[in-house]
Amino acid sequence: MSIKRVGALCMAGLISAAALPVQAQEETGQRGVTVTATRAERELLEVPASVSSVSSEEIRRGGAAVVAEALRDIPGVEVHDGSVSGAKRVFIRGESGARVLILIDGQKTSEQKAMTGAVFLMDPALIERIEIIKGPSSVLYGSEAIGGVVNIITKKGGERPVQVDVGLSYDSSTEGTRQHLSVYGKSGRMGYRVGGAWSDHDDRDTPGGTADGTAYKESSIFAYIDYQGDDFIVGGRYDTYNGDYRTYVPEGTISGTMEHFAQDLPEWSREKASFFYEAEHLSDALVKLRADAYAQNTYKDFRMDMDVRPMPAVQIPLQMRNRTENDQDTYGLAVQTDWLVADDHYVIAGVELIQDRLKADEFRRQRGPWAPMPPFNAQPQEFVESSYTNKAKSDFYALYVQDEWSLNPDTILTLGLRQTWARNELTSAEEPGLEEDSSRDSKLVYSIGLTWQGLEDTALRASYSQGYRLPTLQQLFIGTVHGSQNPTYSNPDLEPETSDNVEIGLRHFGQNLLVDAALFASKTEDYITTAAHPTINNANTFANVDKASTHGMEVAVAYLVESLNLTPYGSATWLKRKFESEDLNTWKTGNPELQGRIGLRHERAIAAGVDANLDAYVRAAGKAERENSDGTIDTDDSWQTLNLTMGFTFGSRQQYELNLNLNNLTDEKYTVSQESIPMAGRHFVVGISGAF
C-alpha cells in the first residue's frame, strides 16, 4: 500500500496521520502518530483531550486562501470573519475568537485591543501543520485558552543543502492570486529556510452579486536557521506579515438614524523575532529542556466613518471620522522541563513570562449641526479635530506542572495545575474621562484526565478541566469607539471569566476504520460582554453579565475500502448553547445545532509517476438563530453545498502537484452563521506547486 494510496484516509477535519489504517501507518513509519497537545510529543491515543490536526498537504489540497479556512471542516470549529474577508478568526465549541489562544511554534500571539481576539497573521503556504485542541487548555496554555488552542507549526529546514518550494494559485471568486517561494535545506549540522508569500484578492463574487469591501492583500517574508548538536538544537526565526483589508458592511447596518457607515484596515501587520533551545537526555531524570524567547510587534490601523442623523428634522447629519492606531509590543520567555520520575511518572514543569506594551493613538474628527434649538438647519461647521494617546501594559507570570502517571500498561492518569499572576496598568491617559489606573489578579486552575487503551487500536478518555480568561487592556482601561454608533467604555473592576468542563471520548484507529468521537459539556461564568452604561446615555460598557452553558458531541468517521481505493467519511458537530444574563435567557445564541461534512475520497496511480486523488463532498449546517436583548431574533438559514476536489502529483520524485477545487457547484446563496459576509457562489481554486 503506497503512501499516496493510504493518503485517501487523510481528510479535512480529521487527524491527518491518525486517519491512516494501522497497516498503512506501519508501512509509512507513522504507526506512532504524535501531537504536542500536552506540551510533549505523545501518541494521539494517549492524549486525554480532543485534538485535530491539519497538514501542509491538506492545506494545499483544500486551496485555503487564509489560515482559518483550512480549519473550517474540523468538528467543533466555526470560522468568523468579523466583516473582514482576509483576517478571520475561529470559534471553538461556541466560544469566540477572543477565547481561543493562537500560538506560532508554541509562542503566544497576543491581542490586547480587539473585540474578538487575535487573528492568523500568517500565510498558509508557510505552515507545516496546525494542531487544534478543542476545549479549555488553561492549565497548560493560560488565559485565552478557555475555548481551545490553535498551534501553528511553521516549516523549517530540509534534508539536502539546497531545496526549493514554489507555488501559485488562483481563486475565481475573487480573481485573486497567491504565490509563495522558499529556499531551504541542511548542510552539516546547520538547517535554514528563507522565503515569502504574497496574495492579492478583489471583492468576492457571491450569488447575490459582488460583496463590496471584501478585497484584501497580504505579504509575508521570513528567515529561519538552526544548529543541531548531538543532544540539542538551537535556532531562531524572523518573520514579517502585512495585511491590507477592506471591511464589508452587512445589509441592515445603514438604517434608522445612521446614513453612512464604512470601516477600513489599510494596515494590519506583525513582526517577530524568536529564539529557542532544546536539549534532551540531560540526566536519567531530566529528559528534556526547552527554552523560548521572542519579541513581537503587532500594528493595526483601523478607520471608521459614520454619519448619523439623530432626528428627521435635522437637515445636516453628525459626521464622525475616527481612526485608531494600535501599536503593541509583546515580549515572551518560557522554560519547560520534562522529568521521568520513578519510571511511571512523566512530569512537565514550566514557567512563562509575557509582557504586553500597548500604545493606542486615537484621531477623531467630527462636525454637525450644533444649533441647540429648532429648526436644526444650521450649516455644518468645520471639522473639530482631536487626538489622544493612551498607553497601557500587562504583565503575566505563570507556573505550571503536569504529571502523566502510568497506572498500568493500559491506563494513564494526567494531573495538571497552573498558577497565574497578572498585573495590568494604564500608564498614560490623554483621552478625557480616562485616568491612570492599575489592577492585579491571580488564578489557580487544575485539570484531571484519564485514558485507557485496554482494547486493541482503541482508547477511551475522560477529563475534567477548569478554564479562565483575564480581561484585556481594552476592556479594563481604554474602551473603544469602533464598530458601533455608541462608544463602549472600559471597566477596571472586571473579574476574569471562569469555566468548568467535562469530556468523555473514544478513539479507534483500526486496520481500515477510524472513529474519533467526544461528548462535552461546559459552564462558564462572569462572561465579559457589553451592556448599557449605567450613567451615560447612548453608551455601552464592558461588564461581567453573562453565563454560558454548552453541551454537544463531535464525531469523525472514515472507512477505507481497500479493494476499490475508496474512503467514505463524515464529520459532524452537534452543539447546544445557552446564554443567561439579566436581560437575556436564551438557547438562541447564533450557533447551528448541527453542521458537518460528508464525502467520498478516491486515490490511485493513473500512470507511471502520476498519482491522482478525487474528493467529492457536501458541507451543510442547520438554521442558526440569535436572540437579541430587545427580543428580536436574527436568523441564518440552513444551507448545503456540493464540492469537488481533484489533485495530481507527478514527476520522478512526485515533486510536482496540481490541485483543482470546484466549490459550491449548486451556486447556493448563503451566509455561515458566525460570519457577516455572504459566501462565494460557484467558483474554482486552482493551484500548482513544486519542490526541488
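**Strands, charges and salt bridges**

Glu435, Asp437, Asp493, Glu495, Asp500, Glu525 and Asp526 gather in a patch of negative charge on the surface. Patches take in residues with over 30% relative accessible area and no salt bridge, with like charges joined within 9 Å. This is a predicted model, where local features need pLDDT of at least 70, side-chain atom pairs count only at pLDDT 80 or more, and totals for chains, interfaces and linings use all residues. Residues are numbered from 1 along each chain as its sequence is written, and side-chain values use heavy atoms, leaving out hydrogens and water.

E23 (residues 437-452) pairs with E24 (residues 458-469) in the antiparallel sense over six bridges, pairing being called when DSSP finds at least two bridges. Five residues separate the two strands of this hairpin. On its way, E24 also runs antiparallel to E26 (residues 497-509), joined by twelve bridges.

As for salt bridges (a side-chain nitrogen of Lys or Arg within 4 Å of a carboxyl oxygen of Asp or Glu), the whole structure holds 49. One of them brings arginine 99 and glutamate 497 together at 2.7 Å, N to O. That pair spans 398 residues, with glutamate 497 in strand E26. Arginine 99 is buried at 7%, and glutamate 497 is buried at 0%.

Definitions and conventions:
Helices (H or I, at least four residues) and strands (E, at least two) are DSSP runs, numbered from the N terminus. Patches are made of residues with over 30% relative accessible area and no salt bridge: like charges are joined within 9 Å, nonpolar side chains (Val, Leu, Ile, Met, Phe, Trp, Tyr) within 5 Å. Accessible areas come from the Shrake-Rupley method with a 1.4 Å probe; for residues, only the protein chains shown count as cover. Lys and Arg count as positive and Asp and Glu as negative; His and the chain ends are not counted. The place of a charge is taken as NZ of Lys, CZ of Arg, CG of Asp or CD of Glu. Buried means under 20% relative accessible area, exposed over 50%, partly exposed in between (1.4 Å probe, protein chains only).
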